[in-house]
Amino acid sequence: MEQQRESRSFPERKGQKRKLEEGPPAAAEDPQISPSTTTDAALLSEVAAQVSVLNSAFSWKESDRAAAKRAAQVLGEHQSRLSYLASDLVNVIVDGGAVPALTAHLQPPPCSDGDLAHKPFEHEVEKGSAFALGLLAIKPEYQNLIVDKGALPHLVSLLKRNKEGPTSRAVNSVVRRAITNLAHENSSIKTRVSRLEGGIPPLVELLEYSDSKVQRAAAGPCFDCLLLQIVECNALPTLILMLGSEDAAIHYEASCLYVGVIGNLVHSSPNIKKEVISSGALQPVIGLLSSCCPESQREAALLLGQFASTDSDCKVHIVQRGAVRPLIEMLQSPYVQLKEMSAFALGRLAQDSHNQAGIAHSGGLEPLLKLLSSRNGSLQHNAAFALYGLADNEDNVSGFIRVGGVQKLQDEEFIVQATKDCVSKTLKRLEEKIHGRVLRHLLYLMRISEKSIQRRVALALAHFCSPEDQRTIFIDEKGLELLLGLLGSTNTKQQLDGTAALYRLANKSMALSPVDAAPRSPTQRVYLGEQYVNSATLSDVTFLVEGRRFYAHRIYLLGSSDAFRAMFDGGYREKDARDIEIPNIKWEVFELMMRFIYTGSVDITIEISQDRLRAADQYLLEGLKRLCEYTIAQDITLENIESMYDLSEAFHALSLRQACILFILEHFEKLSSMHGQNELVQRTIPEIREYFCRALTKSTTNLQSLRL
């Protein structure tokens, strides 16, 4: 789940560049170098001249050695200068035959008896040739060419020959850099260095030098594919000692080698990991977390994450030895890669239950939550993974909620799908822990904490609590008032949080749907059937609607509705009338109302549902009223929500009013941007309070009944 390696982007330090920065003195004042040589023809001519010198001056004669030294320097200076001006011109140097000529001078000329006593410019020609070839090797397309011409065994031989002497340090530095550049991202050359040419043992020997610069020079070219041989050469103890050095430059070289090389082997080989740990590496690596070198910090965090990948005991030991606090401090570094690797390491450590509470208690929650806002996908994901681990501990749940972590996880935009999935699992983990002592602690915070924390707790519980706890939390403990207070805020974000929480709470409660929530009619419903609808058979009363006659049965209507009971059994003039005129109602509305009374069912269309709602309310037909409310509720939109709410108030349409409330809560963000709709929200707050008091009480009662 974690991204472990990215390209480095730290401030440049001495020794950090892969390019050769040490070598022969600049030859800019040499008369053989002129600006005109930057053209292809002139440069080719210049190269040909220097190559000719190298090919003809392979002897111990002082004049030959001086000429060869100068020619190697000139070619190296050309490459160094042209790599910045026009890299394509470097091809001219290669095409001019410089590679085989320089390779030949990596080895000393053959010795005659007279040469043994005096060797002019000893090692200087070899050093200049290695320098020039090292510059060419920076370009990947030249690496194999140089090796194919036989440079590699000569470079290794130079390392073996130059163990002592006043010039050995400078020569070895140039040689090891040439080997480094040749093998950079080239696995076949790496293998040849270690297996075929025997290059690792002399490099390991250089690690034992007392001179820190020699140590740094030897540390760099130990490559990934040479890991086993490095271990076999017993280099680990020395490298571990280098990690404890007070020399910041040694810190850098040792950490790059130790993590970039051995770290990869640790990741893939449990045996090597055990050997590294048994060699005492853990504490020096943890010490590098506080290094002044950002690269060393990054590599140390990466290696600790690799150590902690599978071994639970190792996770605990890393925390016990003091890694948590410096890792948390690194989360606030200005360098993205430092934050990324520290989050990676903390994520691995947080997979152990013994570490989770300690990381949160040490202040890890808030900086990890802040990293969720990063636009770097790897950093964002590593932070999310660490938070996923911390959420597994009950002791951390209240901490998540207290610092606003739930809202952060819900609101943030995540770049990759894997991060979204990780965050969803984190929220699910938190939800599963909202019971028992965790819930009691949160209720305690909701009572005694400052208002902002009380609101965060109420918001989180609205999303996470179980239905059986809703009444306790939101009615008895006044959590509902905290959420309603957010609705009344002038802060749009608080309003959005409040409405989202209330909508989630409404969905989680076991309140009945709006169409079933209206009270039943107090009168018993008895249905005559379809055959008696507008039938003259046994009819004893006729209604006149829009000039048309509707035949009905007085005794049946008397028992179907309190309104008809009052009409036929009260002191109204309709009591004994044979024909009764019904004004202010359409025929189709009246006919549908009567059909419902006689059959108990009817199809209602949205076109005349409001007229039928008015008639159902007038004649106290609660069943028909519920059907009309349900039909109308399906037609609620952003544009008509206010008129729908007014309609529900005009006819005391409880189900329709509840549907309007839920619509307002669900679509508050869009409504808040529409002119005048915020006033509607404020107007509905008393109704929202009444709705939730009724719904939460009812859902708890229903749950208790089910248990019985």
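Tutor: Let's start with a term: a residue is called buried under 20% relative accessible area, exposed over 50%, and partly exposed in between (1.4 Å probe, protein chains only). This is a predicted model, where local features need pLDDT of at least 70, side-chain atom pairs count only at pLDDT 80 or more, and totals for chains, interfaces and linings use all residues. Residues are numbered from 1 along each chain as its sequence is written, and side-chain values use heavy atoms, with hydrogens and water left out.

A salt bridge here is a side-chain nitrogen of Lys or Arg within 4 Å of a carboxyl oxygen of Asp or Glu. The whole structure holds 24 of these salt bridges.

Look at Arg 683 and Glu 649, whose side chains meet in a salt bridge at 3.4 Å, N to O. Arg 683 belongs to helix α41 (residues 677-707) and Glu 649 to helix α38 (residues 641-650), so the pair links parts of the chain 34 residues apart. Helices (H or I, at least four residues) are DSSP runs, numbered from the N terminus. Glu 649 is partly exposed at 40% relative accessible area, and Arg 683 is partly exposed at 34%. Both residues also join Glu 642 and Asp 646 in a network of salt bridges.

Now find helix α27 (residues 436-448), where Arg 437 lies. Arg 437 forms a salt bridge with Glu 394, the closest N and O atoms being 3.4 Å apart. Glu 394 sits in the loop between α23 (377-390) and α24 (397-402).

How values were computed
Helix = DSSP H or I, 4+ residues; strand = E, 2+ residues; numbered from the N terminus.
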